[in-house]
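Here is a friendly briefing to read with the structure open beside you. Have a look at the chain below, then follow the topics one by one.

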Amino acid sequence: EGFKTAVVANRQVYVGNVRRALPNIGTVTQGDAMYKSMPGKFDVFPISRKIEASIQDGDEIIKLEEYADRILQFKKTKMHLINISQDMEFLEDTFMHKGVLTPGSVCKTDFGIAWVNELGAYFYDGRTVNNLLEKKSQKVIADWGSFVGSLPQVGYIPKERQLIFTMSADATPAGDIYLFDLTTQSWMYGDSKLADTDLQSNFVNDINGDLVYHEEAGAVYKWNGAATGTSTTSLRTK
């Protein structure tokens, strides 16, 4: 009947948070459930190909992503790392407090998966989950939770190898951003780099690799990270 999120891996489609008709039961919503299609048949989801990493835990699947023969199954309060390198999937690890509340809080890069919540900014590189806010056992940004709010979003700028993190749409002002450079492992803050008064959509990468987003006023914008002149520069050293 429908599903909330899907990802393609190993010539199969994995769908999560499924609503479907079951024999002798009727139509039910299975927020915990993930199904995989038949190989090469991306619209056929037999009941027998159901996968559940956790059952009736009061949570639901928000987003699925795939990287390095792993499915990252994001729920509201946790992230399940599911190994799909073999015929039978198995739960490899569970990361508590690393869930998301909206699909826009997760993005895929060419060498890992990035996501964000009130507690941190994370990156899975195929081996480990790293908190980008921690460097040499110290917090890089102390007021992260108050900055991002409950529904932050993240996008990837492949031409610059940078991640952009935005505030919740209900924040005031909502246009401030943080940029994380994956090459230099450094953070940059941007004041009102998006419109402060308009709601923004999630980020997507177009066919040219540019990062684009839509604003409530009706326009579609391409992210422009070109430097501009300013007289209010702040340089902080150790």
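The count of aromatic pairs comes to 15, where rings of Phe, Tyr and Trp (its six-membered ring) pair if their centres lie within 6.5 Å, with planes under 30 degrees apart called stacked, over 60 edge-to-face and the rest tilted. Please keep in mind that this is a predicted model, in which local features need pLDDT of at least 70, side-chain atom pairs count only at pLDDT 80 or more, and totals for chains, interfaces and linings use all residues. Residues are numbered from 1 along each chain as its sequence is written, and side-chain values use heavy atoms, with hydrogens and water left out.

**Aromatic pairs**

- The rings of Phe74 and Trp115 have centres 5.0 Å apart and planes at 65°, so this pair is edge-to-face.
- Phe74 belongs to strand 6 and Trp115 to strand 10, so the pair ties together parts that are 41 residues apart in sequence; helices (H or I, at least four residues) and strands (E, at least two) are DSSP runs, numbered from the N terminus.
- Phe74 is buried, with a relative accessible area of 0%, and Trp115 is buried with a value of 0%; buried means under 20% relative accessible area, exposed over 50%, and partly exposed in between (1.4 Å probe, protein chains only).
- Trp144 and Trp187 also make an edge-to-face pair, with ring centres 5.6 Å apart and planes at 65°.
- That pair links distant parts of the chain, as Trp144 sits in helix 1 and Trp187 in strand 18, 43 residues apart.
- Trp144 is buried at 2% relative accessible area, and Trp187 is buried at 16%.
- One aromatic cluster is formed by Trp144, Phe147, Phe165, Tyr178, Phe180, Trp187 and Tyr189.

**Nonpolar cores**

- In soluble globular proteins, nonpolar side chains tend to be buried together.
- The largest nonpolar core has 20 residues, and those with the most contacts inside it are Leu132, Trp144, Leu163, Phe165 and Trp187; a nonpolar core is a set of buried Ala, Val, Leu, Ile, Met, Phe, Trp, Tyr and Cys residues joined through side-chain atoms within 4.5 Å.
- At least two residues of this core come from each of strand 10 (112-117), strand 11 (120-124), helix 1 (144-148), strand 15 (153-157), strand 16 (162-166) and strand 17 (177-181).
- Helix 1 gives the most to this core, with three residues.
- A second, separate core holds 14 residues, including Phe74, Leu81, Ile113 and Tyr122.

- Six of the six residues in strand 6 (residues 70-75) are buried.
- Both faces are covered, with Arg70, Leu72 and Phe74 buried on one side and Ile71, Gln73 and Lys75 buried on the other.
- Strand 5 (residues 61-67) runs antiparallel to strand 6 and is joined to it by six bridges; two strands pair if DSSP finds at least two bridges between them.
- Across from Ile71 in strand 6 stands Glu66.
- The hairpin of strand 5 and strand 6 has two residues between the strands, and Ala68 there takes a positive phi near 55°.
- Five bridges pair strand 6 with strand 7 (residues 78-83) in the antiparallel sense, and Phe74 has Met79 in strand 7 as its bridge partner.

**Strand 2 and its partners**

- Nine of the eleven residues of strand 2 (residues 12-22) are buried.
- Strand 1 (residues 2-9) is antiparallel to strand 2, with seven bridges between them, and Gly2 has Arg19 in strand 2 as its bridge partner.
- Strand 2 and strand 3 (residues 26-36) are antiparallel and joined by eight bridges, with Met34 in strand 3 the bridge partner of Gly16.

**Residues worth a look**

- Most residues other than glycine have a negative phi, and most peptide bonds are trans.
- Lys136 has a positive phi near 55°, lies in the loop between strand 13 (134-135) and strand 14 (138-139), and is exposed at 77% relative accessible area.
- Ser192 has a positive phi of about 55° and is partly exposed, with a relative accessible area of 32%.
- Glu215 lies in the loop between strand 20 (211-214) and strand 21 (220-222).
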